[in-house]
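Hi,

Here is the structure I said I would pass on. Have a look at it first, and my notes follow below.

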Amino acid sequence: MASHLTPTELRLRKARINLIADLPFFGTLAFKLKTHITTDVPTACVDGVTLKISPDYVAKLSEPELAGLLVEEIGHCAMGHLFRKGLRDHQIFNQACDQVLWD
């Protein structure tokens, strides 16, 4: 029974299950990431092992927007963005990587 899960945990679980059905590549990778729900991040970020995600941000997202956020964060892992940053400015590099993911 999933009744012990928070609303954020329930929404993330549902989004991951939907990704398995809709985008199996991303859905499979979504289940490989650990999840840390925290208010320490304004939106979401990933380090290749753990997805950190803000419950306040998740609450504002529609189901398709939440799926898109997961795909974006997983995409950073899949495309090796986490390991290619080097000494580049984090904000500029992240924006460039986001652009690559959505083009």
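The model is predicted, so local features need pLDDT of at least 70 and side-chain atom pairs count only at pLDDT 80 or more, while totals for chains, interfaces and linings use all residues. Residues are numbered from 1 along each chain as its sequence is written, and side-chain values use heavy atoms, with hydrogens and water left out.

**Around H76**

H76 sits in helix α4, which covers residues 63-78 (helices are DSSP runs of H or I with at least four residues, strands are runs of E with at least two, and both are numbered from the N terminus). The side chain of H76 makes a polar contact of 2.9 Å with that of H81. For that term, a pair of N or O atoms has to lie within 3.5 Å; within protein, one must be able to donate a hydrogen and the other to accept it, and residues adjacent in sequence count only if both atoms are side-chain atoms. Leaving out residues up to four places away in sequence, H76 touches V46, H81, L82, N94, C97, D98 and L101 (contact means heavy atoms within 4.5 Å).

L69 is also in helix α4, and with a relative accessible area of 11% it is buried. Beyond its neighbours within four places in sequence, L69 is in contact with A44, I53, Y57 and L61.

The largest pocket holds about 300 Å³ of space, and 15 residues line it, with V46, H76, L82, H90 and N94 the closest to its centre. Two or more lining residues come from each of β2 (44-46), α4, α5 (81-84) and α6 (90-102), and α6 gives the most, with 5 residues. The lining divides into 6 nonpolar, 4 polar and 5 charged residues.

A pocket here is an open set of points on a 1 Å grid over the protein atoms alone, where a 1.4 Å probe fits and protein lies on both sides within 12 Å along at least five of seven lines; lining residues have an atom within 4 Å of a point. The volume is the space filled by probe spheres set on the points, which are joined across faces, edges and corners.

The second largest pocket has a volume of about 170 Å³. L5, E9, L12, R13, R16, F31, T35 and I37 line it, and the elements giving two or more of these are α1 (7-22) and β1 (34-37). The largest share, 4 residues, comes from α1.

**K34 and the phenylalanines**

K34 is found in strand β1 and is exposed, with a relative accessible area of 55%. Apart from neighbours within four places in sequence, K34 is in contact with V49, T50 and L51.

There is 1 aromatic pair. The rings of F25 and F26 have centres 5.2 Å apart and planes at 85 degrees, so this pair is edge-to-face (ring centres of Phe, Tyr or the six-membered ring of Trp must lie within 6.5 Å; planes under 30 degrees apart are stacked, over 60 edge-to-face and the rest tilted). F25 is exposed at 53% relative accessible area, whereas F26 is partly exposed at 21%.

Cheers

Notes. Buried < 20%, exposed > 50% of the residue type's maximum accessible area, 1.4 Å probe, protein only. Nonpolar A, V, L, I, M, F, W, Y, C, P; charged D, E, K, R; others polar.
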